[in-house]
Amino acid sequence: MTGLVPTLSSRISWRLNLLHKTTQYVTIRAFKALRIPSRPVLPPLSSAFPLNSSPPHLVSSYSNKSAAVQKQNPLSSDDNLVILGIETSCDDTAAAVVRSSGEILSQVVASQADLLARYGGVAPKMAEQAHAQVIDQVVQEALDKAQLTEKELTAVAVTIGPGLSLCLRVGVQKARKIAGRLNLPIVGVHHMEAHALVARLVEKKLQFPFLALLISGGHNLLVLARDLGHYIQLGTTVDDAIGEAYDKTAKWLGLDMRRSGGPAIEELAHEGDAEAVKFRVPMKQHKDCNFSYAGLKNQVRLEIEAQNINAEIPISSASSEDRGARANIAASFQRVAVLHLEEKCQRAIEWALKIEPSVKYLVASGGVASNKFVRSRLNQVVERNALQLLCPPPSLCTDNGVMIAWTGVEHFRVGRYDPPPPANEPEDAQLDLRPRWPLGEEYAEGRSDARSMRKARIHPSLTSLIQASLLGQPKPTV
């Protein structure tokens, strides 16, 4: 590991400089000064979480503004709020500064692509060390690019879950250190809610309710967003997520993992025949909105073994015949993997319209939503149902600090934030990290008794915690 550190540092430093220039050029011009309409949200109690959820000094509860301020349209004022967002839930170290007007002042991402390629996936301990090495530089770069000092910030937002505990800790510690030193409020953000809400920064017409498909390496979620902090989970994965299936397939096919599996598979699939291998679509017999990609992964592995494809030979060195076989598998896999998404989204649209007939948008976000083939197929689904597909640009689909900062803006406006942490908080202080944290309550018709899903519910869902805190408001039922 000692030999890895200087190499990692130099590579990340180079990648930071490149990403700063490119990302800032795209985002600032594309999204400058957007104003996002919204419905007002009812005020929470002094704590949005049960008393036994976590100690009061942790990143867990939200304090209140006055009821008069909270009940007004949350986007009719406070357009000069400036929020720093920090994201370290998995394998990217990200920070961004966003104004409450919707202006993106900066966005910085340090990728761990070299580590992903070396280990064939995320190695939590290595990822933690990489985060710790660059977090100070990433945050400072975000402030510099925004041409701000820390003292000009209104609050700090940070991902507290779901994600890898070791990685979450790095971001939370950094956020609390800044907030404590500057006496700033802090907003604990749900990573998957941030993926959904960043679409409201991109599209000013997007109001609640809307349907969201959140797809990444670790998550497959179909949720009905009824309001800020109020989500109904229509479906989730019972085992592996689609991004995991893409990554494993890419690894077994000997593709370049430095770009992650999704882009590598999508590119190779253009060369192949999507009907060459008859993979079975998962869960055809299940009339719900849940996903499963473990079986499809196994089908791919067996096909690769049957065709004697050697992943030790990189695709760049493969013979023409071998490359063609790999391309056919990539194309066939992608067709079935996305068809699984299509079928579940069709049912989710039907369920969502039954619950909220005014739904007009399907938001597709998360790293896999950057895939052009995924977008084109989903667009066909929504058009058949007279809806519109809304996808953030690729730089805001993958993990980023902008989505964390913007979610911080949305919750800060309605008074959901923590008071400043202690300025002298010890490094080993217990932190409220939520590696497995559901976003919404399960829809009755889509509820699963799968063991993996029961184990995942370690923390009460974000929705149940917020709704339980609403004074005099009954818990929503479906």
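This briefing covers a sheet and its helices, some aromatic side chains and the cysteines of one structure. The model is predicted, so local features need pLDDT of at least 70 and side-chain atom pairs count only at pLDDT 80 or more, while totals for chains, interfaces and linings use all residues. Residues are numbered from 1 along each chain as its sequence is written, and side-chain values use heavy atoms, with hydrogens and water left out.

**The sheet**

- An open sheet is formed by 5 strands in the order 3-2-1-4-5, with mixed pairing. Two strands pair if DSSP finds at least two bridges between them; strands (E, at least two residues) and helices (H or I, at least four) are DSSP runs numbered from the N terminus.
- Strand 3 (104-111) and strand 5 (186-190) are at the edges, and each has a single partner strand, so one side of each lacks a neighbour in the sheet.
- On average, neighbouring strands of this sheet are turned by 20° against each other, direction ignored.
- Strand 4 (residues 155-161) and strand 5 run parallel and are joined by 5 bridges. In this pairing, Ala-157 stands opposite Val-187 of strand 5.

**Helices on the sheet**

- Helix 6 (residues 191-202) packs on the sheet and touches strand 1, strand 2 (92-99), strand 3, strand 4 and strand 5. Its direction makes about 100° with that of strand 5. Contact means heavy atoms within 4.5 Å; axes are lines fitted to C-alpha atoms, for helices over the stretch in contact, and angles run from 0 to 180 degrees between N-to-C directions.
- Helix 5 (residues 165-182) lies across strand 1 (82-87), strand 4 and strand 5, at about 160° to strand 4.

**Aromatic side chains**

- The count of aromatic pairs is 4. Rings of Phe, Tyr and Trp (its six-membered ring) pair if their centres lie within 6.5 Å; planes under 30 degrees apart count as stacked, over 60 as edge-to-face and the rest as tilted.
- Phe-412 and Tyr-417 form a stacked pair, 4.5 Å centre to centre with 25° between the planes.
- Phe-412 is buried at 7% relative accessible area, and Tyr-417 is buried at 13%. Buried means under 20%, exposed over 50% and partly exposed in between (1.4 Å probe, protein chains only).
- Arg-434 lies over the face of Trp-437, 4.9 Å from the ring centre. The rule asks for NZ of Lys or CZ of Arg within 6 Å of the ring centre and within 35 degrees of the ring normal.

**Cysteines**

- The whole structure holds 0 disulfides, a disulfide being a pair of cysteine sulfur atoms within 2.5 Å.
- For Cys-90, the closest cysteine sulfur is in Cys-167 at 6.4 Å, too far for a bond; Cys-90 is partly exposed at 23%.
- For Cys-397, the closest cysteine sulfur is in Cys-391 at 6.2 Å, also too far for a bond; Cys-397 is buried at 0%.
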